[in-house]
Amino acid sequence: MTSYSRWTLRTEHTSYTVRLSPDGPWAELDAWGPLGVEDGPSALDWSRRTHFVTPADAAPAEYLPYGLRPFTGSELIAARPGQDRGVWWDFEGAEEGEGSLRLTFTDDVLGLRTVLCYETLPGTDVILRWTELTSTEELRLERLDSAAVNIPVTGTARLTYLTGQWSQEFQRTQLDLPRGTFTMGSHQGAPGHGYAPWLAVQDGEAAAAYGIALEWPGNWHMTAEAEPGGSVRVRAGRVPHEGVVHLTPGETLTTPRLACAFSPDGLDGLSRVWHRYERHLTGERLHRPRKVLYNSWEATGFDVDGAGQLELAKLAADIGAELFVVDDGWFTGRGDDTGGLGDWYPDPAAFPQGFGPFVEDIRALGLDFGLWVEPEAVSPASRLYAEHPEWVYRIEGRPARLVRNQLLLDLGRTDVQDFVIGTLDRLLGAYDISYLKWDMNRPPTERGRPGDGPVDLDAEHVAGYLRVLDHLRATHPDVTVEGCAGGGARIEHATLARTDVVWPSDNTAPLDRLSIQYGFLHAHAPHVMSSWVTDAPGIFDPRPRSLAFRFVNAICGVLGIGADLRAWTPEERAEAAGWIARYKNVRDVVHRGEARLLGTPHDSTCGVQYDLDDRTVVAALGTGRLDGAPLVPGRPDRLRLRGMDPTAHYRDTATGTTYSGSHLLHYGLPFQWSADHDAELVVLIRQ
């Protein structure tokens, strides 16, 4: 144990300093920002400015319980059953490690021990925070947040967050919060389509950006309060479905980890901090190329048969795809969405020669093989439900509500987990499957488990989900796993650490998808963003765009194709083959390079810039009118690059044109958009 009252955690470019408050037994933020920001009087020292509130209510506290902080919001609400709520603790000690810190507080009356935990990750600018709660008595926890994050502002706080709905996820949204409370979250058993568990805060128009992201694939909340003293205090954590968690004597409850990040370079710089962190989460799998996939869903829907799938696979192989994925509809009883879920056996009528020979035929084309599953779902008409009706979430005496004609398995049960693990092991063992797409199309509604008393169902489901994913990673390490939940409803760091790619949205229309991907790349890395080229028309922005636009947009992440290739002309398939070949030449830059968002989808030209070693790749997209207006006819639009060496020179590999770095920074790359030319992929080599 140490006796210091001030501790500093350092990342690659930032520092985070915590101190014991002079006003009471709690930890509070002293400084957070670029390295060295802690040297000087604290900008957050608000002690003794507490009119009509307690010192704890005015403090930039890292974590405080109701009891010590009665008025302005607390992170922990606890009580013994039948007794008054409140925690009053004392500081017990600190434990410092290499890049870690643990601060312990105890309430001897309540029998509660609270440990605030901090950890840095080498090579990133992310600090992880979480809390461990241990009791000697039975306690009711009505609130159990992971942490509070204090952000000093001198003016109006600007919040940036990601909103949406099904087919319109990850819309970048901004709100100025001069005073008051902002909150978002989900009670759908998953992060949900409506909000991502990610938030950025800036001091008005100031460049510096602070960000947080919650690692939790269940119910959650984030709440930001612009407080009277000139600060934004953000609380984040999971939300128990039952509204309360029972802590038994001797049990330790660990909250989800909250990742905290800072960049002096605004939202764009903050996005690169998150990208580096997610490359860290991926680990060695980052260096395994994400293969160009073809998925048959938009071509065939539920009408799956071996001959038709093989026909599509041959066309996909001809244009350069490396992986063929059979989506929903391959298993028994799945002629539509009313049956089959839970009975995970290939439909013999669809594959009369056998599923194994079908997979071998696909692989004989030089393609890897992938399969869609929805392990948490069950159809009421399935054999599984007939045998195990007790496995679904239900409330005794209440009707079971169908969503998408299906029910949800209680994955918190170990027997259900074992069934899912056994099913996936059987499929992956019996067939040469290289890719697994895990979908979830139905949130829990009647969420109960009759006969088990008070159970933390949300946390148990999350634990079961992560147990299955951890099993897949350990037992089938070479299988690529895609995370999907009706699109982007379950994308957060716990899932991203265990999957290879995620599916941001079911909407693949070109301009709609551009807006989705623009928001997604603020929070998440290109190497996890699965993006398809399809024939889908726009839902929200129906303006037509070329095949080239669809490919360049999809190349911004992990390229896939989902169109019905049988309907494409030979010329379209030849063009597609060209784009796929170009993608393969630059995917290491896209997936491992530093990404910069250039412009927004509302500008006439926008794009993404990727830099790795001496190569720069620019995916440029014409998003406005394509007849020259509102530009002067004949005058090219320009896209200014960033991060280039102004003294260096860069050669365009397609045209041979050489630009100085200063020119690219000041004037930018020229693009002459027209009705038949609305996208370009530019590769620059530093000379």
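## Arg615 and Asp588

In this predicted model, Arg615 is partly exposed, since its relative accessible area is 22%, and Asp588 likewise counts as partly exposed, with a relative accessibility of 24%. The side chains of these two residues meet in a salt bridge, in which nitrogen and oxygen are 2.5 Å apart.

## A network of shared partners

Some salt bridges in the model share partners, and in this way Glu75, Arg143, Asp145, Glu225, Arg233 and Arg235 are joined into one network. Side chains of opposite charge can pair when their charged atoms come close. Counted over the model by the rule used here, which asks for a side-chain nitrogen of Lys or Arg within 4 Å of a carboxyl oxygen of Asp or Glu, the salt bridges come to 52.

Arg545 takes part in a salt bridge with Asp678, where the distance from N to O is 3.9 Å. Arg545 lies in the loop between strand 29 (530-533) and helix 11 (547-555), whereas Asp678 lies in the loop between strand 37 (669-671) and strand 38 (679-686), so this pair ties together parts of the chain that are 133 residues apart in sequence. Both Arg545 and Asp678 are buried, and buried here means a relative accessible area under 20%.

Three strands form an open sheet, in which they follow the order 1-2-3 and pair in an antiparallel way. Strand 1 (6-10) and strand 3 (27-34) stand at the edges and have a single partner strand each, so one side of each of them is left without a neighbour in the sheet. On average, and with direction ignored, neighbouring strands of this sheet are turned by 15 degrees against each other.

Strand 1 and strand 2, the latter made of residues 14-20, run antiparallel and are joined by five bridges. Within this part of the sheet, Trp7 stands opposite Val18, a residue of strand 2.

How values were computed
Residues numbered from 1 in each chain as written. Predicted model: local features only at pLDDT ≥ 70, side-chain atom pairs only at ≥ 80, totals over all residues. Heavy atoms only, no water. Pairing = 2+ DSSP bridges. Helix = DSSP H or I, 4+ residues; strand = E, 2+ residues; numbered from the N terminus. Axes fitted to C-alpha atoms, helices over the stretch in contact; angles between N-to-C directions. Buried < 20%, exposed > 50% of the residue type's maximum accessible area, 1.4 Å probe, protein only.
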